[in-house]
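Hi there,

Here is the structure I promised to pass on. Have a look at it first, and my notes follow below.

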Amino acid sequence: MEKYHIVQISDTHLFGDKNQKINGSNSYQNLKNVINHLISLEKNPDLIVVSGDLSQDCTFESYQHLANLLNRCKIKYYFFPGNHDDVNVINKVFDMNWMQDKADYSFDLNGWSVNVIDTSVYPEVGGELSDKQLKTLEENLKQNKNKPTIIFMHHHPVLVNSRWLDKMILKNADKFNAVIKSNLQIKAVLFGHIHQVFEKDINGIFYGSAPACCYQVLPKTETFTIEKLNAGYRLIELDGDKFSSRVIWVD
Ligand SMILES: [Fe+2]
Ligand SMILES: [Fe+2]
């Protein structure tokens, strides 16, 4: 089977106003830079996944900007909400039928199974999964036991060694990680939200974040500290049943 490449973009935090900045970073320009960079690649990735905090102001226009920029590169894409997103507005722009806090879905990809779970609890900052969501995830994993699997989510399900961020860890992370541990087909758990690069192997499963598309914060800090303003993304390679990934920075 051909190698398959996924670009995970996260935390675009777009505004209706293209010139508005967030913590010094022009989020519209940063996403535009990433999209232009992807277009310029000799070999285009096969898929883009945007892992939440799509908008900062939840305006119709901000989600329209996301649609326009993503459509520009003619690469298939998926996305899902983060704590900053209003599903009711997303539904209008993208013609979805998502429920608030329940925009879970799954799909097959080149012999792999991909599970997207919605950890957002609008309008709270923290993330949580309902028992029903966990049950559905478990059932879906059971049905696709023989396929190598990736999980995408917004909030971090493991401690990332920053006191202020670790207070915001997925509320029922223990229950979630128990499900992950008992499904040996899972190769990776990928998330956003923390605006920094995190990578850890836990029981042979890769837990990793994509950097934010807008500003980054310094890892391993007591309090929120901006690190840099340019964008990055995680490039994922699926080769047979092997998962690998690395972070790419875009100037
Ligand atoms: Fe964010
Ligand atoms: Fe977030």
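**What I found**

Strand 10 (residues 199-202) and strand 11 (residues 205-209) run antiparallel and are joined by 4 bridges. Helices (H or I, at least four residues) and strands (E, at least two) are DSSP runs, numbered from the N terminus, and two strands pair if DSSP finds at least two bridges between them. Lys200 has Tyr207 in strand 11 as its bridge partner. The hairpin of these two strands has 2 residues between them, and Asn203 takes a positive phi near 50° there.

Before going on, some housekeeping: this is a predicted model, in which local features need pLDDT of at least 70 and side-chain atom pairs count only at pLDDT 80 or more, while totals for chains, interfaces and linings use all residues. Residues are numbered from 1 along each chain as its sequence is written, with chains lettered from A and ligands numbered from 1 in the order in which they are written.

Next, the open sheet: 5 strands form it in the order 5-4-1-14-15, with mixed pairing. Strand 5 (77-80) and strand 15 (242-250) stand at the edges with a single partner strand each, so one side of each has no neighbour in the sheet. From one strand to the next, the twist averages 20°. Strand 4 (residues 47-51) pairs with strand 5 in the parallel sense over 4 bridges, and Ile48 stands opposite Tyr77 of strand 5. Helix 1 (residues 27-40) packs on the sheet and touches strand 1 (4-9), strand 14 (231-239) and strand 15; its direction makes about 40° with that of strand 14. Contact here means C-beta atoms, placed from the backbone, within 7 Å; axes are lines fitted to C-alpha atoms, for helices over the stretch in contact, and angles run from 0 to 180 degrees between N-to-C directions.

What about the helix pair? Helix 2 (residues 60-72) and helix 3 (residues 87-94) pack at about 50°, their axes 9 Å apart. They are therefore oblique to each other (angles under 35 degrees count as roughly parallel, over 145 as roughly antiparallel, 65 to 115 as roughly perpendicular and the rest as oblique). Residues making the contact include Phe60 and Tyr63 of helix 2 and Val89 and Ile90 of helix 3.

Finally, Val34: leaving aside neighbours within four places in sequence, Val34 is in contact with Ile9, Cys213, Ala231, Tyr233 and Val250.

Enjoy exploring!

Conventions:
Two residues are in contact if their C-beta atoms, placed from the backbone, lie within 7 Å.
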